[in-house]
Amino acid sequence: MMKTADNKKKITLALMVAMFLAAVEGTVVTTAASTIAKDLNGFENISLVFSAYLLTSAISTPIYGKLADLYGRKNVISIGIIIFLIGSTLCGFASSMDMLIGFRAIQGLGAGAIFTLTYTIVGDIFTLAERPKIQGSLGTVWGIAGLVGPLLGGAFIDLLTWNWIFFINIPFGILSIFLIQRNLKESFEKKKQIIDYAGIGTLTAAMLVFFNIFLSAEMFDDSRIFILVSVAATLLLLVAFYRIEQKAVEPIVPLEILTRTNQMINAISFLLAAVLIGVDVYMPIYLQNVLGFSPTVSGLALISMTITWLIAAVVLGRMIIRHGGKTATIIANVILLLGVLLLPTLGIQTPLILVILYVAVIGFGLGGAMTILTILIQESVGYSQRGAATATNSLLKTLGQTIGISIFGSLFNLFIVQYFNDNAIWGVNPNDLYGSSAQGIRLTGQQVILALNSSLHVVFIIFAVLIFIALVLSVMLPKISETVKKEGKNREETTTMTNKKLA
């Protein structure tokens with residue numbers, strides 16, 4: 001038994017290392033982006049460095065989920081980490097912006113496996129009682145990555161070169177693979193597998209077309225026509241994908257996992273993921289551009305969200321066993337809604353301690369809700385479909401983040417302009433506030449602060465609306481306490497048998 005407990009610790013460490021690598025790559029480049037673009041002469045394509053990574057990681061998540069169900073978690077996640085490390089190495093040697101964008105896409109392909117299968121493996125080897133703590137730890141890794149990523153990027157640039165933000169991944173990735181291969185024991189039925197190539201191709205095409213809406217719409221003279229055509233093409237491809245999955249022997253997304261309960265859980269996850277990325281992006285803007293704090297202070301202030309995320313993951317996660325998944329989800333969303341409703345009260349002279357407290361409440365709600373929803377998705381299907389179900393949920397979260405941040409950004413810019421128009425100041429460019437002049441008068445710092453604060457309040461209200469919708473969906477969830485308790489009991493019995501074999 002001691003050996004089994006030790007194996008679990010090593011597997012958890014391996015998963016946390018892998019998750020940190022994939023998560024930090026989304027933020028570590030932010031600090032280095034300007035230096036990289038200057039060195040590679042590619043300022044006009046700087047946004048694609050981030051978009052390529054997000055795009056390929058999103059597309060690959062359902063594919064990895066199904067492959068893990070077919071061939072086992074251990075080998076598939078190891079292959080994903082290897083692809084990630086190959087992409088990292090190539091990024092470090094990139095000599096042009098086009099090369100870097102392409103290599104970042106390879107990195108994202110590997111990250112898709114990490115994002116999906118870490119949670120799937122947790123669902124496999126840990127009991128229902130153990131899972132909230134472990135998944136909370138993985139969620140905390142995301143928060144830590146968001147905080148230390150920019151700091152690491154700046155440190156590598158100051159002390160070494162930007163290339164090392166990619167090379168540093170290699171030893172830690174190798175360590176993660178070693179621990180997973182050595183300690184993760186699994187058994188599954190080996191049989192001749194039939195790959196759903198048509199489903200993979202159609203879904204990939206649908207996601208490429210859809211994500212291209214957010215990447216390329218501004219490049220066209222009439223973006224509305226481009227968006228309408230892209231949306232229509234995406235819908236047609238998704239209909240074709242549905243038809244293919246109906247007939248596929250081994251569908252990449254088994255349609256039986258798309259139950260009413262699962263669809264509602266995925267919808268809630270979609271909305272909360274949008275709010276999460278919004279808080280991550282716009283709270284630092286408030287702290288730095290409205291209150292005037294440094295990036296370091298801003299990052300430290302947001303640590304409270306990481307701490308309460310972990311606490312809530314454990315506390316509210318355990319509530320599933322006692323009171324059921326529906327009750328736990330409702331409580332988490334109520335707490336989250338209360339936290340977000342405090343945000344519109346923030347002003348240009350709000351004490352930092354209040355911001356820290358508000359963010360802590362939001363972190364508690366988000367941490368609890370995200371952990372609970374992941375557990376419910378995993379417990380709603382059998383072992384052979386857990387990878388696909390988790391991957392589908394991960395894809396919906398990524399879609400929520402992508403769509404959410406695009407909408408928030410558009411509204412943020414729109415209401416900045418609206419604020420100045422309401423004050424009879426015309427011609428302000430939101431992309432160049434600190435260098436803008438309107439009617440021949442340069443904007444003052446105070447005017448910019450007031451405009452940003454006003455626009456942020458609109459974004460915060462949108463957060464509240466999305467969470468309210470998520471809360472309504474939570475109330476509409478069927479009572480799934482008995483299902484979860486039964487699944488939890490079966491899971492613990494299976495885990496106990498596995499532990500005996502390992503010991």
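**Figure legends: helix packing and aromatic pairs**

The chain has 18 helices and two strands. The structure shown is a predicted model.

**Figure 1. Overview of the chain.** Of the 503 residues in the chain, 53% count as buried. Contacts between residues at least 6 apart in sequence were also examined, and 83% of these join residues at least 24 apart. The close-up views that follow concern helix packing and aromatic rings.

**Figure 2. Helix 14 packs with helix 17.** Helix 14 comprises residues 325-341, and helix 17 comprises residues 445-476. The two helices pack at an angle of about 165°, and their axes are 9 Å apart. Angles over 145 degrees count as roughly antiparallel, and helix 14 and helix 17 are therefore roughly antiparallel to each other. Helix 14 passes helix 17 in a left-handed crossing.

**Figure 3. Residues at the contact of helix 14 with helix 17.** On the side of helix 14, the contact is made by Lys 326, Thr 329, Ile 330, Asn 333, Val 334, Leu 336, Leu 337, Val 340 and Leu 341. In helix 17, these residues meet Phe 460, Phe 463, Ala 464, Ile 467, Phe 468, Ala 470, Leu 471, Ser 474 and Val 475. The residues of this contact divide into 14 nonpolar, three polar and one charged.

**Figure 4. Phe 408 and Phe 463 form an edge-to-face aromatic pair.** A search of the whole structure finds six aromatic pairs. In the pair of Phe 408 and Phe 463, the ring centres are 5.0 Å apart and the planes are at 75° to each other. Phe 408 lies in helix 16 (residues 383-422) and Phe 463 in helix 17, so the pair ties together parts that are 55 residues apart in sequence. Phe 408 has a relative accessibility of 2% and counts as buried. Phe 463 is likewise buried, with a relative accessible area of 0%.

**Figure 5. Phe 460 and Phe 463 form a tilted aromatic pair.** The ring centres of Phe 460 and Phe 463 are 5.9 Å apart, with 50° between the planes. Both residues lie in helix 17, where they are three residues apart, about one turn of the helix. Phe 460 and Phe 463 are both buried. Both also belong to the helix 17 side of the contact with helix 14.

**Figure 6. Three aromatic residues form a cluster.** Ring pairs link Phe 93, Trp 164 and Phe 167 into this cluster.

Methods: Residues numbered from 1 in each chain as written. Predicted model: local features only at pLDDT ≥ 70, side-chain atom pairs only at ≥ 80, totals over all residues. Heavy atoms only, no water. Axes fitted to C-alpha atoms, helices over the stretch in contact; angles between N-to-C directions. Helix = DSSP H or I, 4+ residues; strand = E, 2+ residues; numbered from the N terminus. Parallel < 35°, antiparallel > 145°, perpendicular 65-115°, else oblique. Left-handed = near helix turned anticlockwise from the far one by under 90°. Contact = heavy atoms within 4.5 Å. Nonpolar A, V, L, I, M, F, W, Y, C, P; charged D, E, K, R; others polar. Phe/Tyr/Trp six-rings, centres within 6.5 Å; stacked < 30°, edge-to-face > 60°. Buried < 20%, exposed > 50% of the residue type's maximum accessible area, 1.4 Å probe, protein only.
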